[in-house]
Amino acid sequence: MADVEIIPVPTRILTERDDIIDQVEKYTKDKIGENDVISVAESVVAITQGRVVRPEDLTISPVAQLCCRFIPDYGSLASPHGMQSLMDVEGTWRVAFALLAGFFGKLIGQGGLFYKWGGEQTALIDDVTGTMPPYDKSIVYGPKDPQNVVKRLKERLGCFGAIIADVNDLKRSRIVGVTDGMNGQLAANLLIDNPFGNASQKTPICILKNFRQYQEQH
């Protein structure tokens, strides 16, 4: 049975001045093969797309100040500026309604309604300290058009597949974008221990070696 080797790839700090496709190719072209999968941290893809806002540039509404109190302390939406950043892109009343619906849903044993109805960015926003310096003082939205990004990565690198992953140290692993023919959940399970290093490690890219064979056997 083929095993998958997860190889973190060191880079310099990537910024909005970088093209994510060019940079991934630069750092992985001699390391990745046709049976492998390239995985990129979703926050880094978003940063290179300029999807960043500074808390001091937000105008905090009373609704955001109220709604953030109902989010667990470890969540990116638990701060007024985190909640406001979501409301700015998804709509104030949509987010407030989704939060209310989520509360009542839990009472009847139906979880996840807030993230289902609050808009795409509800599960993707990283609050301050949620990503690498110097962006640890900024709020980072989820990436734009992740399916197109992974499609371009696969084509450029000639590998089996590409994914954009949202992974953290709380054993949360979710695939934001995945190329056709790949089992995204299988890849997410392999990344559950968060091999990405978005802080001083500067390893926002991982290669899943031999993933094609691993997928065929599962």
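**Charged pairs and the sheet**

Asp22 and Arg156 form a salt bridge, with their closest N and O atoms 3.0 Å apart; a salt bridge here is a side-chain nitrogen of Lys or Arg within 4 Å of a carboxyl oxygen of Asp or Glu. This pair links distant parts of the chain, since Asp22 is in helix 1 and Arg156 in helix 7, 134 residues apart. Helices (H or I, at least four residues) and strands (E, at least two) are DSSP runs numbered from the N terminus. The model is predicted: local features need pLDDT of at least 70, side-chain atom pairs count only at pLDDT 80 or more, and totals for chains, interfaces and linings use all residues. Residues are numbered from 1 along each chain as its sequence is written, and side-chain values use heavy atoms, with hydrogens and water left out.

Side chains of opposite charge can pair when their charged atoms come close. Arg156 also meets Glu25 in a salt bridge (2.8 Å, N to O). Glu25 lies in helix 1 and Arg156 in helix 7, so this pair ties together parts that are 131 residues apart in sequence. Asp22 is partly exposed at 38% relative accessibility, Arg156 is partly exposed at 35%, and Glu25 is partly exposed at 26%. Buried means under 20% relative accessible area, exposed over 50%, and partly exposed in between (1.4 Å probe, protein chains only). Another salt bridge joins the side chains of Asp166 and Arg174 (3.9 Å, N to O). Asp166 is buried, with a relative accessible area of 5%, whereas Arg174 is partly exposed at 32%. Through shared partners, salt bridges join Asp22, Glu25 and Arg156 into one network. The count of salt bridges comes to 10.

Five strands make an open sheet in the order 1-7-2-5-6, with mixed pairing; two strands pair if DSSP finds at least two bridges between them. Strand 1 (5–9) and strand 6 (172–178) stand at the edges with a single partner strand each, so one side of each is left without a neighbour in the sheet. From one strand to the next the twist averages 30°. Strand 1 and strand 7 (residues 205–209) run antiparallel and are joined by five bridges. Pro8 stands opposite Cys206 in strand 7, and Ile6 stands opposite Leu208. Strand 2 and strand 7 pair in the antiparallel sense over four bridges, with Cys206 as the bridge partner of Ser39.

What covers strand 7? Both of its faces are covered: Ile205, Ile207 and Lys209 on one side, and Cys206 and Leu208 on the other, are all buried. Helix 1 (residues 20–28) lies across strand 1, strand 2 (37–41) and strand 7, running at about 125° to strand 2. Helix 7 (residues 146–157) packs on the sheet, touching strand 2, strand 5 (161–168) and strand 6, and its direction makes about 130° with that of strand 5. Axes are lines fitted to C-alpha atoms, for helices over the stretch in contact, and angles run from 0 to 180 degrees between N-to-C directions. Contact means heavy atoms within 4.5 Å.

Gln121 sits in the loop between helix 6 (113–117) and strand 4 (139–140), and is buried, with a relative accessible area of 4%.
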